[in-house]
Structure formats: structure tokens, C-alpha cells
Amino acid sequence: MTDSSGAKAAMIEISGLRKDYGSVVALHDTELSVPTGEFLTLLGPSGSGKTTLLNLIAGMASPTRGRIVINGRDVTEVPAEKRGLGMVFQNYALMPHMTVSENIAFPLEIRKVPRAEIRRRVAEVLDLVRLPHVGDRKPKELSGGQQQRISIARCIVYKPDLILMDEPLGALDKKLREQMQLEIRRIHKELGITMLYVTHDQEEALNMSDRIMLMNARRVEQIGTPDQLYFAPRTQFAADFIGASTLLDATVAETGEPALLRLSASESCRVRLHSAAPVGTVGKLLLRPEALRLVQNGQVTAGHNVLHGHLDNTLVTGATSKHFVTLDNGATLAIQELTDPSTTRLEPGLRVQVSWPPETGRFLEN
Amino acid sequence: METRISGWRIALGAVVTVILAFLLLPSLITAVISFGSSNQIVFPPTGFSLNLFRRFFAEEGWVASTWLSFRVAIWSTLLALFLGIPAAYALTRGSFPGRKILALFLLSPVMVPHVAVALALYIYFTEIRLTNGELRLVFAHAIATLPFVVVTASAGLRHIDPALERAATVMGASRLTVLRRVTLPLLTPSIIASGLFAFLISFDEVVISWFVARAGDTTLPIKMFSSIQFEVSPVLAAISTMLTALSIVVCVIVATVQKEARSD
């Protein structure tokens, strides 16, 4: 899975899409191509433009300019009810005056599907979402997780080309959320429907997506697989938003393989550059907590970078522990390691070193 | 501390009881009188009988007025619903220039003194040569009850999650289907409630009716009002009792409908 849509036909093709509300830009010019069958997540903080983009695709807002093509059909001017999409809402949006079965039958009745077939298909999707016995109940008699499954069932029952999900798990508690993530992934795999999923939860995005489109300040920040966004963020925002991270001030001191970064007057480290940054380029060094090692007594692996500091404290969270270290230049960073009995009871204030191999750090220009 | 609070409570309870009694007593006294056996208004009544009710139903004038009031109330309610529900929908769901002013305008019959509305309607109906007394009453009452329908229906619409309508639209429902299958069913309790209130208001209306009604088109309240000017008939007590009973029944229905809607 790469950035290009490859051999598969594109389900969504968006070009030059922009939305203004008066003088306020709700979405800067956006390009996006989603191959058929992909699970794409729009990730970003609130106000980043992800919901605007979703509403434009759903047809609930019309763009200032640009085109939206869904499954080969230009739908830019097509009203929402004629786009043939499915949508799952955060608050489920099940009709309170209809039973579960009536809710699921509703989109089929609009499509004038014969009664017998409606009955068969409703039973089928209730099985698929593993709630075969709730058909006669009213939505409010179900738990939040069950209601969201019904709203997904109501969506897949009419086999739309594309399903849009707007923070569908936002109202559920953490445990149920994880269960539902797996459930949605399973349904996506079984049916192969293209899904566009909006969330502000980076963990959820990493868990579920084929690709993630990270949005910030009403424009696309980076688009790529979860691995690409986690290991190869292109911007400081991406590095900071996805996963835990430490960003240290850094200046390129020498180019080369690996290059030398100056972190402070007395400290420097080696890193592999991913852009042609000349000497003197100012930026940040990204270090992931799990790439760092806590070292005592200078037992550093040859070729690894090392910084000196003192231990602030250690948090044991079970299988892993976190060490918080203040470096001699005043910056603080977190180290995450598998819990090791020899390092869980270290005295705060102890002189320690932090080390990492040059290839795990990443330099991000300002 | 404890005793002071309970002391306050007793005082508060006493005040509330006195106020309630003050509000309820007139109705209660009329109700008691209406079951009396005397041919004059006397309190306390001298014996129990249903005579006054019998006299009401035996007198053709009273029955005719009652029917007229029923017809006017039903038609004006239907007219107010027909105009008020779409208006409420436009005001709550739409966004167009002048929306707030239009809302204010639709509520104006409540804010303008009833006498002023009554006089305006009298002049207006004369001007357009609307001579059918019953129609005059229906139109006038529809205008007087419209604000109540708009307010009740707007409140009901605001309680319907717009996401439901959006969801239905994305699923392929046309605007009409959304209205028919989602919005109106969810709005039914509010429609029933506003309709019943409109009915009661119309049934009870005196001032406007007095101005616009023509001789011979006497609604029940008009007839009551004019009859008390000539003779203080105890039949009035029986009518009051029935009107009060009607109001109570309507309020109970509204409360039940809204309770069911909330548990839905």
C-alpha cells in the first residue's frame, strides 16, 4: 500500500476542493485519491477541517470550488440523497420511533426493495453485526455499543460504495471502543467496502487504517500508512500528534551519512537526514520513547548517540516502564523500556545517559 | 438549624396552600353550585341534583351555541396547525434573512392586546366583505391560536436531533420522505399538544369572538356572557363545570402524550 492508487480504480477522487465560509477558510485546497476497498482515516485535532471534508463528500455542504468524483461519477453538484453513500454518526442517529428492524429496513424501503427481500437482508446484517435477536426492540433499549452496531448495520444493508464514519466511537468508553474498532475492521474486511473514517484519536487511527490522512489547520498535513506516519513523519506537527515523542532543538552541523546535529553548545548527535538540509538548517530532532535506552556507567553501544542527564523518576505501568530524564541542557525526555527489575528502583537524581542508534532519530526542519 | 428549616417549610407550605385555595375555590364553588337543586345561584346548595345540566341540554339556544363553538374550535385549530406547523419548521430548520423578525411577527397576536386584534379583525373582515359569521370566527380564532401552535411546534422541532434528518437524507430519502417518515412522526406529540391547546383557547375565546361574530352566531362563551347580563341563571354554573372538566381532560391527554413521547 503506497501513496499512489496503483492498479485499483479510485473510489474517491478529489481535486482542488476548497470550502470558505465568508472570509473564513474551512478547508484549504485539497487533493485526495482513495482506492476502492481502502480504509482511510481522516485524523486531526478539532477544527482541523476533517469534518468539513467529510461533509463535503457526504453532500451536506457544497464546496466553494473543486471537484468530487465518487466511483467514477462527478457528484460535486449532486444532492446528498442522490450520492448513494452510507454514513455512521457519533450519536448513532437511529430513528427513536422505529424498531431496530424498521430502522435497518428504512433505507431499503426508500430504494423500493420488495418486502420479502427486505426481511431477508435485515436478518442477514443483524447476523453480521452479531445482534440477531434485537430486531423488535427500540434503539433506546440497547446499549451505546449495540446502537452503534445497528447504525453500521443500517448502513451496510443497502451496500453503498462508500461508508463515511464521523467519530463513530467517540461516545463509547475505552474498552468498548477497542472492541468496536476490531468489529469495524472485521466488517470492512468481510465486505470490502471503502471506508472513510474521521477521528481525533491517533491510537484509533493507527489501529484501524490502511492509510491515514493527517489534517492540521484546515489543510492536509501528511497522508500515508500508519507506519509511514509513525516512523517517517514529515513535519513536527505530525511527529507530535502521532505517538509519544520528544522534540529537541537541533541544527545541522555537518551533512553526510550520517549527518551531525548540534543540540547544544556541548552536545551533538548523529542522524540520517531524509531531506537535503544544508549545514546551518534549524529544526527539531524527533526521538520516540521506545527507541531510547537508559544507560548507567557509560556502557554505550559503539556508534550509538549518547546524551547526559539525570533521572527525574520512573513509572512502572506493567510490562513497560517509563523513565523521565532531564538532560544537561535543560530539555526533558521520556524513555520507554520493557520493565527490567534492575532499573525500576533507581534513585531520582541519579546521573544517567540516554542512548539511541543514529537511524531511529529523525530531523525535522522548522 | 434543623428546626428553623422545618419552620420555614411549614410557613412556605401554608402560603402555598392559601394561594392554591384562592386559585381553586372559585372553580370549586361553581362546581358545587352546579350540582345544586335550587333555581337560583345559592351557596351552599340546598340539595343534590343534575337539574341544571338537564336544563342546559334541554334549551336549544345553549346546545346550538355549544355546537357552534365546537365547529369553530375544530376548524380554527386545523387551520392554525396547517399554517403553524410549516411555519415552525421553516423557523427552526431554515436559515433565511428576516427569520427572527418573521418569528416575532408570527407571535404578535399574543403580544398585541386582544381588544386591538379584535378591532383590527372586525374592520378587516368588514373591508373584505366577509359576511359568513362562522368563517369570520374560524379565521379570527386561527390567528389568535397560531402563536401557540408555532411556539409548541418549534419547541418540539428543536428537540428532534437534526442528525436524524441528515442520516435519512444520506440514506437516500428525499426531503418529502424525511418529513413524512422522520420529522412528522417525531413531531406528532407536539402537534397533538399544540392542537389541543389551540382548541381550548378557541373554545374559550370571548373578546375577539364578541367583535367579529355577527348576530345569530353566538359561541358558547358569548352566550354565557350575554346571558349573565339579563339573568343570573344557575345553568351558567353547570356550563362552567363542564368547561372546566373539558380543560382538565385536555391537559391530561397532553401530559400523557408528552410523557409517552419522552419515553419513546
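The following dialogue takes a new reader through selected features of this predicted model.

Me: How should I read the order of strands in a sheet, and which order does the open sheet of four strands in chain A have?

Reply: The order lists the strands as they lie side by side. In this open sheet of chain A the order is 2-1-4-5, and the pairing is antiparallel. Strand 2 (24–35) and strand 5 (73–74) of chain A each have a single partner strand, so they stand at the edges with one side left without a neighbour in the sheet.

Me: What packs on this sheet?

Reply: Helix 1 (residues 50–58) of chain A does, touching strand 1, strand 2 and strand 4 (65–70) of chain A. The direction of the helix makes about 115 degrees with that of strand 1 of chain A.

Me: How many bridges join strand 1 of chain A to strand 2, and how many join strand 1 to strand 4?

Reply: Strand 1 (residues 10–21) pairs with strand 2 of chain A over eight bridges, in the antiparallel sense. Strand 1 and strand 4 of chain A also run antiparallel, joined by five bridges. Ile12(A) illustrates both pairings: its bridge partner in strand 2 of chain A is Val34(A), and in strand 4 of chain A it is Ile70(A). As a general idea, side chains in a regular strand alternate between the two faces of the sheet.

Me: How should I read an aromatic pair, and how many does the structure hold?

Reply: One reads the distance between ring centres and the angle between ring planes. The structure holds 13 aromatic pairs over all chains. The rings of Phe39(A) and Tyr197(A) have centres 5.5 Å apart and planes at 35 degrees, so this pair is tilted. It links distant parts of the chain, since Phe39(A) lies in strand 3 (residues 39–43) and Tyr197(A) in strand 8 (residues 194–199) of chain A, 158 residues apart. Both residues are buried. In chain B, Phe56(B) and Phe57(B) form an edge-to-face pair, at 4.9 Å centre to centre and 80 degrees between the planes.

Me: Are Phe56(B) and Phe57(B) buried or exposed?

Reply: Phe56(B) counts as buried because its relative accessibility is 3%. Phe57(B), at 54% relative accessibility, counts as exposed.

Me: Which charged ends sit over rings in chain A?

Reply: Among them is that of Lys19(A), 4.8 Å from the centre of the ring of Tyr21(A). The charged end of Arg185(A) sits over the ring of Phe39(A), 5.4 Å from its centre.

Me: Where does UniProt place the feature "transmembrane region" in chain B?

Reply: The unreviewed entry gives several spans, including residues 12–35 and 72–91. In the model, residues 12–35 of chain B are 96% helix, with end C-alpha atoms 34 Å apart. Residues 72–91 of chain B are 100% helix, with end C-alpha atoms 27 Å apart.

Notes:
Residues numbered from 1 in each chain as written. Chains lettered and ligands numbered in written order. Predicted model: local features only at pLDDT ≥ 70, side-chain atom pairs only at ≥ 80, totals over all residues. Heavy atoms only, no water. Pairing = 2+ DSSP bridges. Helix = DSSP H or I, 4+ residues; strand = E, 2+ residues; numbered from the N terminus. Contact = heavy atoms within 4.5 Å. Axes fitted to C-alpha atoms, helices over the stretch in contact; angles between N-to-C directions. Phe/Tyr/Trp six-rings, centres within 6.5 Å; stacked < 30°, edge-to-face > 60°. Buried < 20%, exposed > 50% of the residue type's maximum accessible area, 1.4 Å probe, protein only. Lys NZ or Arg CZ within 6 Å of the ring centre and 35° of its normal. UniProt positions renumbered as here; feature names shortened; annotations may be inferred.
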